[in-house]
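Open the model in your viewer and keep the selection tool at hand. This tour goes from the whole chain to its sheet, then to single residues.

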Amino acid sequence: MDEKDLSLKLEVIVAEAIQRLSKLNNTEELEKWRIQYFGRKGIFASMTSQIPSMPVEMKPQAGALINSAKRKLTEAFEERKKNLLTLQDKKTEFNLNFGLPGLKPETGSLHPVTLVSREIVRIFQGLGFGVHTGPEIETDFYNFEALNMPADHPARDMWDTFYLDSERKFLLRTHTSPVQIRVMEKISVPLRIIAIGKTFRRDDFDASHSPVFHQVEGLMVGPDITFSNLKAVLIFFLKELFGTRVKVNFLPSYFPFTEPSAEISISCVICEGKGCQTCGFTGWLEILGAGMVHPEVFRKSGIQQNNVTGFAFGAGLERIAMIKYGIDDIRQFYTGDMRFLKQFG
Ligand SMILES: [Zn+2]
């Protein structure tokens with residue numbers, strides 16, 4: 001090959017490349033084209049690699065010819081790229097349809113547990129109860145010891161606990177009852193409070209259990225508070241929450257921190273006591289645990305007066321919400337499924 005042949009060959013390559021370039025319609029095709037000519041294994045790379053084997057007198061001229069062809073194609077490439085990008089911008093412009101309705105922003109709604117919690121706060125504030133909170137990370141003292149469960153007390157097995165350290169000093173509270181102790185340490189008698197918050201247990205995540213759930217705790221302490229006061233307050237509360245038609249049933253039970261203790265049920269809101277799947281054909285739904293505050297709990301909280309008595313109660317908010325709204329799986333509360341959550345406003 002002499003200089004003339006090389007020059008002719010390059011002219012053909014350039015003409016063909018420019019023609020192909022004019023037909024490319026997007027940046028991906030453009031990039032393929034660039035690689036075919038300018039890539040490491042491209043046409044120009046292969047031509048440049050032949051220079052060393054050419055006759056000595058032809059080498060400088062060959063290099064100059066190849067470079068000039070490369071320059072022409074680079075210019076054509078940049079030009080085409082600019083045109084394509086402008087074209088794309090224009091296309092986007094034309095795709096805008098100002099007649100279409102706008103995107104409606106998603107609005108939030110209150111979670112059923114929040115709704116139930118607000119309703120409970122409203123009822124108890126009406127009875128003069130204050131609302132308190134406590135830490136979710138508790139010490140063994142507040143979660144167990146002060147609630148009449150010293151180390152190795154068998155009742156501790158009633159709660160499968162998340163411990164936070166190997167010495168088991170810190171834990172995620174298994175119930176809201178530690179707030180009782182914290183309040184009695186701070187506030188003087190007489191007092192009436194509720195506490196609402198998250199509680200944690202090492203339960204499986206199934207239709208009726210969740211490792212995280214919410215409780216409401218109540219405490220009323222004063223001179224000569226009796227079980228009659230407990231009954232009056234809780235019956236009023238349950239009838240406010242579920243309607244005046246519900247019947248309330250008290251059964252003896254056991255909790256380490258109350259004596260005597262009671263398990264409280266309401267007549268099934270689905271079948272009104274006749275028996276159905278929801279109430280396991282008993283006609284009753286367990287809803288609250290309660291009792292008279294154990295003297296040991298008063299002692300641990302620093303309350304010494306002789307005539308001071310009190311009652312306490314606790315209930316699960318998810319359980320209340322499930323009964324109130326007819327939800328059969330506790331996991332629904334935690335899936336974050338907007339179709340479920342939006343039903344409750
Ligand atoms: Zn029923």
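Start with the whole protein chain. This is a predicted model. Among contacts between residues at least 6 apart in sequence, 66% join residues at least 24 apart. Colour by burial next: 27% of the 345 residues count as buried.

Now switch to a cartoon view. The protein chain has 11 helices and 9 strands. Its radius of gyration is 39 Å, well over the 20 Å that the globule rule gives for 345 residues, so the chain is more spread out than a compact globule. The C-alpha atoms fill a box of roughly 120 × 55 × 40 Å.

**The sheet**

Which strands make up the open sheet, and in what order? Select 7 strands and read across: β1-β4-β5-β9-β8-β7-β6, with mixed pairing. The edges are β1 (130–132) and β6 (248–255), each pairing on one side only. From one strand to the next, the twist averages 25°.

**Inside the sheet: β5 and β9**

Select residues 212–223 for β5 and 308–316 for β9. These two strands run antiparallel and are joined by 9 bridges. Pick Glu217: its bridge partner in β9 is Gly314.

Then show helix α7, residues 178–186. This helix lies across β1, β4 (191–200), β5 and β9. Its angle to β5 is about 40°.

How many residues sit between β6 and β7 in their hairpin? There are 2. Click Val248, then look in β7 for its bridge partner, Ile266.

**The nonpolar core**

Finish with side chains. The largest nonpolar core has 52 residues. Select Leu234, Ile287, Ala290 and Phe311, the residues with the most contacts inside that core.

Zoom in on Ile287. Which residues does Ile287 contact, leaving aside neighbours within four places in sequence? They are Leu238, Ile264, Ser265, Ile266, Ala315, Arg319 and Ile320.

Notes: Residues numbered from 1 in each chain as written. Predicted model: local features only at pLDDT ≥ 70, side-chain atom pairs only at ≥ 80, totals over all residues. Helix = DSSP H or I, 4+ residues; strand = E, 2+ residues; numbered from the N terminus. Rg over C-alpha atoms; globule rule 2.2 N^0.38 Å. Buried ≥ 20, exposed ≤ 12 C-beta atoms within 10 Å, placed from the backbone. Contact = placed C-beta atoms within 7 Å. Pairing = 2+ DSSP bridges. Axes fitted to C-alpha atoms, helices over the stretch in contact; angles between N-to-C directions. Core = buried A, V, L, I, M, F, W, Y, C linked by C-beta atoms within 7 Å.
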